[in-house]
Amino acid sequence: MRDQFPILQRTVHGGKPLVYLDNAATTQKPQVVLDALMDYYTNHNSNVHRGAHTLAAEATALYEEARDRVASFLGARSSDEIVFTRGTTESINLVAASWGQQNLQPGDVILVTEMEHHSNIVPWQLIAKQTGAAVRAVPVLDNGELDVESCLEMMSTRVRLLAVTHVSNTLGTVNPVGQLCAEARKRGIVTLVDGAQAVVHLPVSVQDIDCDFYVFSGHKLYAPTGIGVLYGRRELLNAMPPYHGGGSMIKDVSISHSTFLDAPQRFEAGTPNIAGAVGLNAAIKWFSSLDHEQLAHQEHALLQQATTGLLAIPGIQIIGTAANKVGIVSFIVDGVHAHDVGVLLDEQGVAIRTGHHCTMPLLERFNCTSTARMSVAAYNNAADVERFLTATTKATSILFS
Ligand code: PMP
């Protein structure tokens with residue numbers, strides 16, 4: 001597995017082998033994805049959906065093959081329900097701007113949760129301000145689980161949309177999105193699930209979850225940056241106004257008026273990130289070929305190893321101890337800024353993330369301003385976690401001395 005990731009062979013800080021545990025920020029790319037990008041630009045590069053020549057047909061076929069791959073990966077009913085975007089952030093902004101503009105009125109409520117990434121809060125604030133709607137947040141319990149009871153109570157008649165993360169990027173908590181979407185549906189509430197951290201850790205079926213929208217970014221799933229996905233129920237997408245106007249999304253244009261194609265083209269104005277889609281296709285193909293039972297087992301073992309090891313180091317507290325967690329562990333060290341921990345780990349070759357992880361309301365709820373966060377991917381092993389624990393022990397002893 002590790003041999004398939006060229007970057008994992010490199011060293012940092014004067015020959016220290018790299019231990020990469022910042023996977024919740026972005027994952028490294030396997031050789032097959034790098035090869036797919038190189039092959040696309042070397043052999044097939046062209047613009048899509050227009051042009052009669054061979055390369056245009058090949059590029060279009062590759063781009064649409066990627067859409068088909070994503071549709072089956074997410075269990076969508078049709079490839080028409082898959083819109084390519086730049087990533088999770090753009091997907092949420094698209095829904096907020098397009099669906100929100102059309103459907104929100106003064107007094108309406110958009111329900112988010114306290115554990116959302118900023119990209120699932122700020123776009124809703126922007127559209128709330130324009131439409132007179134309000135944003136409310138479902139609380140998080142002390143162990144980092146969502147307060148589901150409160151969520152159900154907060155789903156009043158004024159709530160038009162529930163935007164909830166499938167997996168918290170800071171806590172690792174897996175939310176019961178199927179249950180929440182079912183309850184929302186009973187009340188006529190539209191649902192958007194942020195799958196940025198979920199698709200790489202859990203099997204996802206949008207039909208099982210029964211959400212209206214599901215979004216994720218390619219780069220957290222072994223694919224390139226700059227490509228992401230918006231899944232939307234076909235009838236909802238086709239009822240929504242365009243987000244961006246331009247080429248490739250119109251049926252007909254005159255100077256006074258334009259008519260638009262159905263989804264997904266309606267939401268893909270301009271030349272898309274074709275190479276990104278090709279890379280995403282290769283990444284999903286590669287990822288889907290792995291033994292997922294074994295991967296889940298390995299991730300659970302690494303999570304246990306990291307959790308037990310961290311708790312054995314004096315002065316460390318883990319933020320987020322939900323019963324259902326993926327391999328993401330946030331921790332704070334008594335009296336020490338997380339950034340200092342991150343720098344000391346980096347000097348030992350261990351890459352983790354420190355900061356607010358774009359979840360400032362969540363950290364405020366836990367009375368802190370930053371955490372150190374380690375997060376695992378398919379290529380991490382027990383030796384990586386051991387090196388992380390040894391480096392953290394050393395870092396804390398330096399910081400406490
Ligand atoms: N939501 C979650 C849960 C995330 O972890 C992230 C990335 N940290 C995002 C949204 C935003 O993703 P992107 O920056 O790729 O748009």
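## Ligand contacts

An oxygen atom of the ligand lies 2.7 Å from a side-chain N or O atom of Ser217, a polar contact in the sense of a pair of N or O atoms within 3.5 Å. The protein buries 85% of the 390 Å² that the ligand exposes when taken alone (accessible areas by the Shrake-Rupley method with a 1.4 Å probe). An oxygen atom of the ligand is also 2.7 Å from a polar side-chain atom of Gln197, and a nitrogen atom of the ligand is 3.3 Å from a side-chain N or O atom of His117.

This is a predicted model, in which local features need pLDDT of at least 70 and side-chain atom pairs count only at pLDDT 80 or more, while totals for chains, interfaces and linings use all residues. Residues are numbered from 1 along each chain as its sequence is written, and side-chain values use heavy atoms, with hydrogens and water left out.

## Ligand shell

The residues around the ligand (a heavy atom within 4 Å) include Thr88, Thr89, Asp194 and Lys220. By class, this shell has one nonpolar, nine polar and two charged residues (Ala, Val, Leu, Ile, Met, Phe, Trp, Tyr, Cys and Pro count as nonpolar, Asp, Glu, Lys and Arg as charged, and the others, Gly among them, as polar).

## Lining of the largest pocket

Seven residues of the lining of the largest pocket come from α10, the largest share. Both α9 (274-288) and α10 (292-311) supply at least two lining residues each (helices are DSSP runs of H or I, at least four residues, numbered from the N terminus). The lining divides into 16 nonpolar, seven polar and two charged residues.

Definitions and conventions
Polar contact = N/O pair within 3.5 Å; in protein donor to acceptor, adjacent residues only side chain to side chain.
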